[in-house]
Every structure is written in C-alpha cells, then in structure tokens.
Amino acid sequence: MKQRTAWLLVLPMVGWLVFFYLLPLGAVALQSFHLVTPDYEIGKELTLENYRRAMNPDYYPVLLRSASYAAATTLACLVLGYPLAYFIALHGGRHKSLFLLLLMLPFWTSYLVRTYCWMTLLQTEGLINTVLFEPWLGRPLDMLATDGSVILGLTYGFLPFATLPISVALERIDRSLLEASADLGGSPLSTFLKVVLPLSRPGVIAATLLTFVPAMGDFVTPELLGGPSTITIGQAIQEQYLQLFDWPFGAALALLLMVLMLIGIALYLRLSGSERVLA
Amino acid sequence: MSRRSFLGCLATGALLSSCSLAPKTLNFYNWANYIGETTIPDFQKATGIRVNQDTFSSQDVLFAKLKIGLEGYDLVVATDYMVRRLIKHQLLAPMQGVSGLEGLLPRFQHKPWDPEHRFSVPYLWGTTGVAFNTTHARPVPDSLSVLWEPRYKNRIGMLNEKRDTIGAALLKLGLDGNSVRPEDLERAQRALLEQKPLVRKYSTDMIDDLVRQELHVALGYSGDVGQAHESLPEVGYVIPREGGYIWADNLCIPHDAPHYEAAIAFVNFVLKPEVAAAITNTVGYPNAVTRARELVDPRLLDNPLGYAPEQMLEQTIFQEDLGQGERLWDRVWEKVKLHSV
Amino acid sequence: MEELVVELVGVTKRFDRVTAVDNVTLQIRRGEFFSLLGPSGCGKTTSLRLVAGFEEPDQGEIRLDGKPVQSLPPYRRRVNTVFQSYALFPHLNVYDNVAFGLRRSSVPEAEIQTRVSQALELVRLPDLLARRTTELSGGQQQRVALARALVNQPQVLLLDEPMSALDPKLRRDMRTELKRLQKDLGITFVLVTHDQEEALSTSDRVAVMNAGKVEQVDAPRAIYERPATRFVADFIGTANFLPATVRAVNNGRSTVVLADGVSLVAPSAEKAPVGARVELSVRPERLWLTREPGSNGSNCLPARVVECTYMGPVTRYTVEVAEGVRLTTEQQNQDVVDGYQAGESVFLQWRPTSGTLLPAEAR
C-alpha cells in the first residue's frame with residue numbers, strides 16, 4: 001500500500017516526462033526519417049537520406065567549432081567559477097545567501113537582453129572601445145563577431161550554472177576535514193589540492209556538464225555576438241528549421257548531436273570515474 | 001527596430017490569449033513595428049473591435065505557424081512569394097467584401113501571385129537594395145559590386161534571408177534574380193563563398209548596425225534603411241544599377257480565421273487613404289493606396305527610401321515563387337552559411 | 001620537577017559575547033594522560049582547539065615544549081588531533097588517510113609504508129589498508145583516526161570526545177586500549193570528555209572545567225574524594241550537601257554545626273577556617289542507615305525515610321534530616337531481607353573521614 005502511494009507521487013512527473021519530453025522527442029525522431037517535399041510538406045516514405053546528408057563534411061568544421069566554443073566556455077567557467085564558489089561557500093559567512101542571490105540576479109533579466117547589452121559593450125563605438133582601446137591603441141578593436149566574443153558571451157551566460165554546483169559541493173565538505181588536514185601538517189595550498197579539490201569533484205563534474213552541454217547547442221549567443229565565421233551547430237539546426245524549412249533534416253542533425261553528446265557524457269563520466277561519486 | 005527583428009521573434013513568442021475567442025476581436029499577425037502609431041486604437045474606436053497583435057520575425061515562421069495549423073489568427077501579413085505558397089497550401093480564405101481595390105497603385109494590381117486579389121490585398125511595399133554610409137563609402141555606390149569590395153572587409157552586411165542575398169549575387173552576376181537554373185545558382189554560390197570573408201554579418205536587422213557604423217555597406221530593405229537614415233543622415237540607399245527586388249507585404253486571412261468579418265473590416269479600414277498614409281508616415285514604408293500618396297510626408301516622395309522614383313523602380317523585379325527550384329536555393333544557402341572562412 | 005609539554009597561561013577566548021575560555025592556566029606534563037572534563041559548553045573543547053591551533057586566543061600564551069605557539073598555524077605545531085567525528089578523508093582509503101601527515105612532511109614513500117603498517121598494527125587494524133573509510137564501522141574508523149594521528153609521532157595527542165559516537169561496550173574496550181597505547185608510546189595524551197567515568201578511569205590527572213574556568217586539577221582519586229568546589233563534587237558522581245558553620249578546627253579535624261545545632265565532624269579544609277560557612281559533602285555510598293543511633297564515633301543524624309527505590313544490588317533511599325534538607329544513600333542489599341519503609345524513622349551515619357568541607361558558594 002505504502003509502495004503504491006509512493007508511485008502515485010511520481011505519476012505527475014512521469015506524465016510530464018512522457019508528454020513534454022518523450023513524445024516531442026519521439027516526434028522529432030520519427031520526422032528525421034522522412035524527406036521534405038518540394039512543397040515543404042513532410043514526405044511519407046521512410047529513408048536514411050537525412051542522416052546520409054548530415055555526414056556532409058561541411059558540418060565537420062561547424063561541429064568542431066561548437067565543441068571548441070563549449071570546451072573553452074567550460075574551462076573559463078570553471079576557472080572563474082571555482083574561486084567564486086570557494087569564496088561563497090567557505091567565506092560567505094552569514095552573507096552566503098546574499099552572495100548566491102547576487103549570483104542569480106542576472107537571471108531576473110532575459111538572457112537575450114543581457115546578451116544584447118554585451119553587443120553594445122563590445123561594438124566598435126561601444127563602451128570598452130571608447131574607454132579602453134581608443135585611448136590606449138588609438139583605434140577601436142573589432143571585438144564583435146569573433147570567436148572571443150562568442151566565448152565571452154557563453155561564459156557570461158553559463159557562469160552561474162558552473163558556480164552553483166561547485167559551491168554546493170564545497171559547502172558539503174565537512175569543515176573538520178580541513179582542520180584535520182591542517183592538523184596533519186597540510187599547508188593551505190596542500191589542503192586545497194589534496195582535500196578540497198578532490199572532494200569538490202562531484203560539483204566540478206556537474207558544473208562541466210551543466211556548462212558544456214547547453215553551450216554546445218546554444219544558438220542565441222553566437223547569433224547575436226558572433227558573425228558569419230562563427231556559425232555553430234545550434235545555429236545550423238535552427239537555420240534548417242526556421243529559414244530553410246527542412247524540419248526532417250534539422251531533426252536528423254539535432255538527433256545526431258544528441259547521440260554524440262550522450263556518448264561524450266558517458267565517456268566523460270567513465271573517464272572521470274564519477275559514476276560512483278555521483279551515486 | 002526592423003520589421004524583421006531577431007529579438008522580436010524570440011521575445012514575443014506568446015500566442016494569443018483567451019480573449020481571442022471573445023466576440024469583436026481581431027488577432028493580427030504582423031512584422032514587429034509595422035503598423036501606424038494610432039491605427040489600432042483608431043480602428044477600435046471606429047468599429048468597436050479589439051485588436052490583439054502578435055509579431056513574427058520572418059516569413060518562414062509565419063508559414064510554419066499556419067502550416068502546423070495553429071488556430072487563432074484572423075489576419076496575417078505575407079510577402080508576395082509567400083502569398084503564392086500559402087495559396088498553394090490552401091491555407092488562405094478567399095476575401096469577400098473588400099472595397100477600394102481599384103484605388104491601388106497599378107504596379108500592385110493583379111500581380112501573378114494572386115491575379116484577382118482573391119486571397120490578398122497589398123499592405124505596404126518596399127525594395128531591396130544597397131545601403132551605405134557616405135562617410136566611409138566613397139564614391140557613393142550605385143552597384144551591387146560594392147558588397148564584394150575587399151576594402152570594406154568586415155564592414156559589409158548581407159541579409160539573413162536567402163531570397164535577397166542569393167538573389168543579390170545572381171543580379172550582380174547579371175543573371176535572372178529568380179533563376180532556378182543549377183549553373184546560375186552554382187555561380188551565385190561561388191560568388192557568395194568568395195564574399196563571405198568580407199562579410200561582417202548575415203542579419204535581417206541592419207538598422208542598429210548602420211546607425212552605429214558597424215556596417216559601411218549593406219544589402220538592405222528600403223524602409224529599414226530609411227529608419228537608419230532618420231537617426232544618422234549619412235546613411236543612404238540606392239537601387240543598384242544591376243537591379244533590385246521590389247516586394248509587397250499583403251494582408252491575408254487564414255482559412256480557419258475565427259473572426260473573418262473583423263478581418264475584412266480591418267482590411268477595408270487600412271485601404272482608406274488617410275489610414276494608409278498614417279501607417280506609411282510611422283513606419284517609412286510606402287503603401288499601395290494611390291490616393292494616400294498626397295497625404296504622406298513629402299520627404300518620402302521621390303525618395304529611394306520611400307516612394308522610389310519611377311525610373312528606379314524600372315530596374316526592380318518581384319521575387320517569384322521558385323517552385324521546386326527553391327530546394328536548389330536552400331542548398332546554396334546552407335553551403336554559404338556553413339562555410340568556414 | 002617534571003617537564004611541561006603544554007602550558008596555557010592566562011588564556012582567554014571569546015566568541016562574540018560569549019567567553020568560552022576565561023583566563024585559564026593549565027600545565028600538562030610530558031608523558032601523562034591528561035583529561036579535560038566538564039559539561040558541554042564549559043570550554044574544554046575550545047581549550048583543546050586553542051592547543052591544536054584551530055583557534056587563536058584573545059589573551060594569554062600557549063606554549064608547546066616551552067615555546068609560545070599561539071600565533072603558529074596548526075600545520076606548524078607538532079600536535080595531532082583525533083576528532084570527535086574522526087574527520088577521515090572520504091576520498092582516500094585507509095592507507096592514504098594514515099599516510100596523509102607523513103606525505104605532508106615529505107617522508108620517503110618506503111618509510112611511509114613501514115610507519116603506516118606499524119601504526120595500523122598498533123591500533124590492531126593491519127588488514128584494511130585498501131578499504132575506503134566509509135566502509136568501516138565506527139570503531140574501526142576511530143582506530144584509523146588514532147593511527148593517522150599517532151603515525152606522525154606528535155609531542156602531544158589531542159583527543160576530542162573520541163568515544164562519544166561508540167556504543168557503551170566498545171567505549172569501555174577503547175578506553176583500555178587508549179590507556180595501553182599511551183603507556184606503550186609514552187606520548188602525552190590530552191583527552192576532552194564529558195564522561196567522568198572515562199576521564200577518571202584513563203587519566204593520570206583530570207582538569208574539571210566549568211563555565212570557561214578550571215575548577216580543579218588533580219588525580220582522579222583526589223577529584224572524587226576531595227573535590228575542591230561544590231561544582232566538582234556535584235558534577236563527579238553524586239553528592240549530598242549539608243549547609244553548616246565551622247565551629248572548631250583541631251588537629252586536622254573540624255567540628256561543624258548544622259542549622260538545628262547538631263554537631264558533625266569532618267576532615268579540615270584550608271578554605272574552611274573557624275566561623276566559615278561551609279557545605280559538608282558526603283557521597284551516598286559512604287552513608288549507612290540504622291534503626292538505633294550509633295556510638296562508635298561516626299557522625300549520626302536522625303532522619304525519616306521519604307522514598308525508597310529497590311534497584312537490585314542496592315536500594316536507594318531518600319531521607320530527610322531537617323525540614324527541606326534531603327539526602328540520598330545507597331545500601332547494599334546483602335542480607336537485609338526487608339529494608340526500610342517510607343515514613344520510618346532512622347539514623348543516618350558516616351565516618352568523619354568520609355565528609356568533605358567545601359566553601360559555601362554565594363548564590
């Protein structure tokens with residue numbers, strides 16, 4: 001009886017997953033096996049043609065670029081987010097919730113609007129150029145539409161996603177372990193390297209996934225801050241859906257990306273030996 | 001803000017609220033910033049019909065929504081080639097009870113996409129041509145080839161709309177702007193790939209970039225460039241000597257519109273010269289009502305940004321439905337966008 | 001003069017407005033088993049943390065081996081701690097936990113191996129090297145924590161309530177084990193505990209703390225038999241208190257008078273001169289009940305049984321010797337078939353040497 005009641009509690013969740021996740025995903029998957037007709041209708045016959053087309057070498061550099069952006073973003077988020085999380089978790093004191101609130105504050109504004117703000121900061125006649133580069137170099141720098149501007153925008157957007165799980169992981173570390181390390185002769189640096197860092201690994205792994213995965217598929221940031229040569233796989237998929245109206249091919253691209261990511265995540269979790277840590 | 005704003009697309013995704021089912025309402029699906037300042041309140045005052053306006057960022061989004069069968073829209077704004085596609089897909093209702101069609105500019109009467117005006121009424125129109133900044137682009141350009149000049153590297157903007165950008169390449173090469181011949185498209189693709197390293201961005205929202213002088217030369221829509229000109233007088237516009245596109249956005253009624261009568265009432269309202277003129281004066285795009293011409297801001301007359309002079313319009317062509325050939329254009333577009341410089 | 005290894009001189013530590021350690025002076029000798037005993041919040045753990053270096057004193061000096069260390073961080077002090085929660089590193093196995101300290105001081109790996117094995121043998125856990133610490137029982141974890149501290153051969157081993165998480169039987173075994181280790185190794189142990197039995201049974205000397213101050217430092221027997229303050233008498237075991245005034249001091253024996261005029265005899269105390277108001281403290285097990293008054297030189301008070309509780313080996317009686325003055329006593333159930341009944345009039349007796357005179361505390 002108890003067991004059955006417990007199952008009832010999960011039911012809405014299962015329903016949600018089925019209706020809002022599995023069904024649309026199934027529809028996308030199904031669509032990817034059809035061809036779009038010259039009239040932009042979705043054809044009837046089943047084919048692998050979309051997948052064959054997706055193997056087009058034109059997509060390799062795009063995929064590689066997206067992965068590089070995601071990797072650079074993840075790295076930057078970890079490098080910036082870890083000290084931030086460390087400070088909040090270990091030295092935040094009674095202001096801890098205030099710091100977390102400040103970290104989340106940008107979320108109260110639309111991501112789009114915030115990215116738009118970066119556009120105005122980075123543009124040729126933007127604040128950074130007028131205040132920094134023009135007086136310094138005597139000419140403005142082209143910062144928009146570069147790899148750098150895309151990675152900057154992505155890093156800005158995903159920094160909280162990296163900081164929060166690390167902060168949670170750090171907070172969960174028993175303070176007496178830090179004392180034990182110091183007690184056993186561990187200097188602050190070796191305490192950090194030998195105790196804090198390994199114990200925060202679940203947080204770092206979560207932060208990596210939470211940053212890399214969405215950064216890999218993101219299309220808004222490269223659309224706004226990028227240029228013709230920074231096209232990402234997310235933009236390529238979006239293009240198929242909204243510009244070329246080839247939904248089946250877009251679906252095939254999206255599914256391939258998903259499978260690729262799943263394999264990547266599985267490999268990452270195995271290599272980092274984190275199945276146990278996460279469990 | 002451009003009528004084709006990427007921001008607008010993402011920010012105003014919400015579909016019409018429950019009030020769409022109430023009597024005396026009209027659900028209008030339009031480009032962003034593409035209506036007169038007081039048109040909607042004036043219409044409501046005159047007829048008692050409440051207007052809910054929703055906006056799209058591209059014709060493809062409009063087509064997608066109608067094709068999926070999202071119900072609720074009573075009136076939509078469709079560009080000429082899209083009208084033909086919507087008719088072909090039987091997504092439009094015939095319009096009955098529209099008066100004033102005979103007062104339309106001859107150029108927009110009985111066009112091939114809807115010769116009898118059964119499904120569409122021209123709303124606003126414009127041209128696709130070359131925008132430039134006179135401070136940076138000298139001599140003043142008159143040709144599409146300026147968009148391929150290396151000295152403007154990283155200051156060139158192209159439209160993120162395959163019809164306009166591939167079309168510009170075709171026209172530049174002296175080919176038919178509606179060609180579906182593979183060899184023509186092959187040449188256009190080569191030209192665009194060659195051009196790509198010079199291009200700052202493919203975008204449908206050029207106004208800001210022109211004003212901020214991020215772009216010095218660009219492929220653009222007349223009315224949008226006109227808005228940029230308002231903010232920065234150095235911004236100019238020309239219909240290139242190789243030719244440009246002329247297009248009309250049309251009012252159409254979806255086949256499943258819940259408030260058909262209200263939609264007809266709105267179409268008739270907009271066809272009134274004073275209403276049409278007010279819309280033009282707000283958005284800068286000319287309208288198709290002949291008698292409205294006398295009422296619009298004189299600065300828009302004989303101006304390529306607004307009512308372009310006749311001899312300029314002589315060089316323009318309409319974007320025709322490409323039929324099965326559109327897939328070829330799609331492949332070229334895909335190739336160009338994916339190409340890594 | 002024995003060598004002092006840890007000294008606290010006038011040490012005070014405040015947290016916000018709470019004074020956790022209040023002008024404490026303590027001296028701990030090399031090689032002794034020393035306990036800090038007191039109720040929770042008395043400052044014993046803070047004192048230990050001050051020695052370890054986890055806290056800095058607001059005032060006073062802390063010396064290790066005669067050198068002031070109060071400004072040195074913990075990793076520069078040659079003391080090691082066994083934490084109440086053990087604080088074993090969950091990401092390391094048993095071997096790496098024990099080797100942690102040695103690696104920090106760059107001991108060669110070969111030597112580490114020998115010393116870790118020795119340390120684990122010492123705590124009788126030689127076979128669990130590769131085990132994760134989270135897979136160990138509480139008792140095993142505690143042994144690992146001990147080994148991890150001892151392997152560094154500290155000058156002083158600090159133990160913070162190390163046995164509070166163990167079940168009672170294990171706790172008794174561990175007590176013996178700790179005692180044995182301390183004897184064998186000759187390292188100074190400083191044990192913080194709130195468990196008096198633990199402190200008394202293991203330690204060479206015990207410091208009883210209360211409200212941030214040290215009440216008494218003495219050998220276990222002296223702490224129990226000759227408590228210096230009413231707090232110590234009350235906190236260690238149970239005690240009966242009789243308010244009295246010192247009438248005469250003669251040759252190590254003092255005569256005191258109760259409020260109702262009855263005279264009693266007790267060993268003299270320095271802080272209880274003639275005329276002083278005192279409390280005469282007697283442990284319950286030193287009292288015995290009779291139906292007739294005694295005549296062998298014992299102190300004797302007429303009393304009335306208020307309550308009797310049969311507890312198997314003993315029966316506990318609460319008796320009233322005057323209005324509102326109640327004492328408890330425990331009587332062995334040896335051959336008394338029928339004990340005393342509630343309401344019965346009895347006599348309460350004890351040897352004069354069983355009493356302790358304590359200065360009356362201002363209330």
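1. Two residues are in contact when heavy atoms lie within 4.5 Å. By that rule, no contact joins chain B and chain C. Their closest C-alpha atoms lie 46 Å apart. Keep in mind that this is a predicted model.

2. Which chains do touch? Two pairs of chains are in contact, and chains A and B share the most contacts. Chains B and C are not joined by any contact.

3. Now the interface of chain A with chain C. On the side of chain A, 19 residues take part, and they meet 21 residues of chain C. The two chains bury about 1700 Å² between them. Carbon and sulfur atoms account for 63% of that area. Three residues stand out on chain A: A:Glu179, A:Asp183 and A:Leu184. Together they supply 40% of what chain A buries against chain C, more than any other three residues.

4. Next, the fold of chain B. Its secondary structure consists of twelve helices and ten strands. The radius of gyration is 20 Å, close to the 20 Å given by the globule rule for 341 residues, so chain B is as compact as a globular protein of that length. Along the principal axes, its C-alpha atoms fill a box of roughly 60 × 40 × 35 Å.

5. How much of chain B is buried? Of its 341 residues, 64% are buried.

6. The surface and charges of chain B come next. Its accessible surface is about 12600 Å², and 53% of this belongs to carbon and sulfur atoms. There are 36 positive and 41 negative side chains. The centres of these two sets lie 5 Å apart.

7. One loop residue is worth a look. B:Tyr73 sits between helix H3 (59-68) and strand S3 (75-79) of chain B. Is B:Tyr73 buried or exposed? Buried means under 20% relative accessible area. B:Tyr73 has a value of 1%, so this residue is buried. Its C-alpha atom is separated by 27 Å from that of B:Ile246, which is 173 residues away along the chain.

8. Finally, helix H8 of chain B, residues 222-231. Its buried residues are B:Ser222, B:Gly223, B:Asp224, B:Val225, B:Gly226 and B:Ala228. What do they pack against? Their partners in chain B are strand S4 (120-133), helix H7 (207-211), strand S7 (217-221) and strand S8 (235-238).

Note on methods: Residues are numbered from 1 along each chain as its sequence is written. Chains are lettered from A and ligands numbered from 1 in the order in which they are written. This is a predicted model: local features need pLDDT of at least 70, side-chain atom pairs count only at pLDDT 80 or more; totals for chains, interfaces and linings use all residues. Side-chain values use heavy atoms; hydrogens and water are left out. Helices (H or I, at least four residues) and strands (E, at least two) are DSSP runs, numbered from the N terminus. The radius of gyration is taken over C-alpha atoms; the globule rule is 2.2 Å times the number of residues to the power 0.38. Buried means under 20% relative accessible area, exposed over 50%, partly exposed in between (1.4 Å probe, protein chains only). Accessible areas come from the Shrake-Rupley method with a 1.4 Å probe; for residues, only the protein chains shown count as cover. Lys and Arg count as positive and Asp and Glu as negative; His and the chain ends are not counted. The place of a charge is taken as NZ of Lys, CZ of Arg, CG of Asp or CD of Glu. Buried area is the accessible area (1.4 Å probe) that two parts lose on being put together, summed over both.
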